[in-house]
Every structure is written in structure tokens, then in C-alpha cells.
Amino acid sequence: TQSINAIAEDNKNIIWIGTNNGLVKVQNNSSKIKYYQSVKSEKYNTKNHFTDILIEQDTIWLASFGHGLCKFNIKEEAFEYISLKKASDPKEFTNAVYTIAMTKDRTIWCGMKGHSDIGGIVILNLKSNRMVRQIFNPKKEYSLGPYEYWVNDIFIDNSETIWSANRVGPIDRIIPERNQIKYIYYNDIK
């Protein structure tokens with residue numbers, strides 16, 4: 001079976017759907033449907049498992065559940081994977097991206113699924129190609145909240161504040177230019 005994980009619309013009113021078996025393009029005003037897979041397969045393949053979609057002009061950014069960040073070129077209909085694992089220390093990052101969001105300066109925030117060794121948030125600056133990983137570290141003032149290893153959603157508001165929701169624990173409110181993170185617990189919300 002095919003699970004639908006994410007839906008987005010581009011500036012040409014085309015609907016894009018991320019599934020656990022590829023990317024689907026739906027012409028909004030007709031019944032035309034086109035399927036894309038980076039690996040042609042009837043069976044499940046982690047390279048075709050997309051959990052979130054972000055559209056930037058002629059590029060679709062996809063959260064790939066097992067292969068990092070995926071860049072789909074709409075004009076060329078081609079997939080390119082960006083590994084979030086560091087070559088120097090492959091255990092430091094994971095490629096299990098679950099959710100993505102982009103700031104105005106083209107920095108992609110990738111919410112990871114994992115445990116303390118591999119989860120958290122990976123921040124990729126597309127201009128500098130620099131990656132940074134954020135996890136909970138009680139010794140650092142600027143770190144994610146406790147249990148922030150399994151990130152369910154990342155939202156960037158109009159003031160460029162990043163909101164991170166996770167499986168358990170607090171919601172993180174991240175203000176990058178101030179190096180500030182505030183934890184908001186459910187019982188604080190009234």
C-alpha cells in the first residue's frame with residue numbers, strides 16, 4: 001500500500017504528494033497524474049520514502065526517511081540526494097529526515113527521527129554548504145530541549161523564529177540570530 005505523507009502546491013498550481021513509494025505530481029485542473037521514483041521499484045525502497053515537501057521555484061526539497069535531503073529538479077525530472085552524514089564521523093548525523101523547513105536566507109532545517117546519538121535537527125546552509133547539528137546538551141545554554149531527538153515538525157514563522165515540535169517533551173522556540181532557545185511545555189500553554 002502507498003501512504004501519503006505530505007502535500008504541497010507549487011506556483012503553477014500543481015499539487016505534489018510525497019509518499020512512501022515516490023513523488024506524485026497532480027495537475028490541479030485536470031486528472032493528469034505522474035509518478036516519480038528515484039529507484040524504479042514495485043516494492044518498498046527507502047530512497048522513494050518522502051515524508052515532507054518544500055517547494056522553491058523549480059526545485060522540490062524532500063525529506064527522505066533514509067537517505068537525507070532529496071532535491072528534485074522539476075524541469076529535468078531528476079533526483080539528487082544530499083547526505084546529512086558527516087564523512088569524518090558518520091555516526092554523528094543520521095539520514096532519517098522526517099520534516100523540513102527553509103528560512104529566507106536559504107537555510108534548510110531538517111527534523112530528524114532518531115535517538116540521542118543520531119536525532120535532533122540538522123541545519124544546512126545552502127549558500128555555504130555548512131551543516132550543524134542541534135541536540136539537547138545540558139552543559140550548553142544554546143541547545144534543544146530534552147528528548148528532542150525525534151522531531152515531528154518544524155515551522156518558521158514570519159519573524160524567522162523556528163518552532164520545533166517533537167515526540168515527547170517541550171516545543172522549542174529557536175531564535176538563531178540571538179542564539180536563544182526557549183522551551184515551551186504543554187502545561188505552559190493556556
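**Figure 1. Overview of the predicted chain.** The chain holds zero helices and 16 strands, where helices (H or I, at least four residues) and strands (E, at least two) are DSSP runs numbered from the N terminus. This is a predicted model, in which local features need pLDDT of at least 70 and side-chain atom pairs count only at pLDDT 80 or more, while totals for chains, interfaces and linings use all residues. Residues are numbered from 1 along each chain as its sequence is written, and side-chain values use heavy atoms, with hydrogens and water left out. Of the 190 residues, 46% count as buried; buried means under 20% relative accessible area, exposed over 50%, and partly exposed in between (1.4 Å probe, protein chains only). The accessible surface is about 10,700 Å², and carbon and sulfur atoms contribute 48% of that area (Shrake-Rupley method, 1.4 Å probe). Among contacts (heavy atoms within 4.5 Å) with a separation of 6 or more, 37% join residues 24 or more positions apart.

**Figure 2. The largest nonpolar core.** A nonpolar core is a set of buried Ala, Val, Leu, Ile, Met, Phe, Trp, Tyr and Cys residues joined through side-chain atoms within 4.5 Å. The largest has 15 residues, of which W61, L69, V97, I100, I108 and C110 touch the most other members. At least two core residues come from each of β6 (59–64), β9 (97–102), β10 (107–112) and β11 (121–125). Another core, of 13 residues, lies apart from this one and includes L23, Y36, I53 and I60. Beyond four places in sequence, the residues touched by I100 include D52, I53, L54, W61, L69 and I108.

Figure 3. K25 belongs to strand β3 (residues 22–27). This lysine is buried without a salt bridge, and E77, the nearest side chain of opposite charge, is 4.9 Å away. A salt bridge requires a side-chain nitrogen of Lys or Arg within 4 Å of a carboxyl oxygen of Asp or Glu; Lys and Arg count as positive, Asp and Glu as negative, and His and the chain ends are not counted. With neighbours within four places in sequence set aside, K25 contacts I14, I15, W16, K32, I33, K34 and Y36.

**Figure 4. Aromatic pairs.** Rings of Phe, Tyr and Trp (its six-membered ring) pair if their centres lie within 6.5 Å, and planes under 30 degrees apart count as stacked, over 60 as edge-to-face and the rest as tilted. The count by this rule is six pairs. F65 and Y98 pair edge-to-face, 6.4 Å centre to centre with 75 degrees between the planes. F65 lies in the loop between β6 and β7 (68–73) and Y98 in strand β9, so this pair ties together parts 33 residues apart in sequence. F65 is partly exposed at 30% relative accessible area, and Y98 is partly exposed at 28%. W16, Y36, F50, F72 and F79 are linked into a cluster by ring pairs.
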